Amino acid sequence: MGEMIRIKSVAADGFTFPAYHAAPTGDRKGGVIVIQEIFGIDEHVKRDVDRWASLGFEAVAPALYERREPGFVAHHDEAGIKDGIAHAMATPREQVLADIAACRDYLKGGGKVCIVGYCYGGSFAWLAAGEVGGLAAASSYYGSMVQANAQLKPMCPTIVHLGRLDAGIPADAVKQAVESANPSVPVYIYEDAGHGFNNEDPERYSEPAARLARERTLALFTT
């Protein structure tokens, strides 16, 4: 359904990065920036972009590791996780936010622009809500950096999704931190879901949680 395009990151370094792009079907509702997990622009990210396009949004997913390893895509195994984490840790926060801003600028001619992110992307959806202007709404899925950055004040309506069974992210502690600093931000905990529950990898996917979180995100993006 989609295709690879290139977007220039003017605010960062002028680098032109690839992004997976899909045009909206039906009545256009705006744009959605989809931020990847640590594994790069893999089949799951592309499927998510296509899904948002099918719901009426022009959607793009920037390849955030392109400066370090062009075309990086990792398997969901020990080696892939190691490589993905290495790229994530070595990619500057300011650079990622600048690339997100470039995606915003690419999409903004077609109406409001929202952002959704998963895992690594969930952290940056939260950070972008607080540090990148011009976004209409943000939906953060199980981002490991949300708790440490809970004091950020989102500049747009924002929601957070967490899995109760996520061994790496303490759902209750994240919820408490976010709601203490930002009482108006809903934090949803999915009791039977773990980390990566929106990813259709059989080891992580929770269809009921993914469906409900998407319904809540869609409602936010169309308000």
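Colleague: Which residues of β7 are on one side and which on the other, and are they buried or exposed?
Modeller: Keeping in mind that this is a predicted model, T158, V160 and L162 lie on one side of β7 while I159, H161 and G163 lie on the other, and all of them are buried, which leaves both faces covered.

Colleague: How many residues of β7 are buried, then?
Modeller: The count is 6 of the 6, so β7 is largely enclosed by the rest of the structure.

Colleague: Which strands is β7 joined to by bridges?
Modeller: Strand β6, residues 137–141, runs parallel to β7 and is joined to it by 4 bridges, with A138 having T158 as its bridge partner. Strand β8, residues 187–190, also runs parallel to β7 with 4 bridges between them, and there G163 stands opposite Y190.

Colleague: And what do β7, α5 and β8 make?
Modeller: Together with helix α5, which covers residues 171–181, the strands β7 and β8 make a right-handed β-α-β unit.

Colleague: What is I159 in contact with, beyond its neighbours in sequence?
Modeller: Leaving aside residues within four places in sequence, the contacts of I159 include A138, S139, V185, Y188 and L220. I159 counts as buried because its relative accessible area is 4%, which is under the 20% cut-off.

Colleague: Switching topic, which residues touch the most other members of the largest nonpolar core?
Modeller: That core has 74 residues, and those touching the most other members are I33, V34, W52, I100, I115 and F221. Apart from neighbours within four places in sequence, F221 is in contact with W52 and I115, among others.

Methods: Residues are numbered from 1 along each chain as its sequence is written. This is a predicted model: local features need pLDDT of at least 70, side-chain atom pairs count only at pLDDT 80 or more; totals for chains, interfaces and linings use all residues. Side-chain values use heavy atoms; hydrogens and water are left out. A nonpolar core is a set of buried Ala, Val, Leu, Ile, Met, Phe, Trp, Tyr and Cys residues joined through side-chain atoms within 4.5 Å. Buried means under 20% relative accessible area, exposed over 50%, partly exposed in between (1.4 Å probe, protein chains only). Contact means heavy atoms within 4.5 Å. Helices (H or I, at least four residues) and strands (E, at least two) are DSSP runs, numbered from the N terminus. Two strands pair if DSSP finds at least two bridges between them. A crossover is right-handed if, with the strands pointing away from the viewer, the path from the first strand over the helix to the second runs clockwise.
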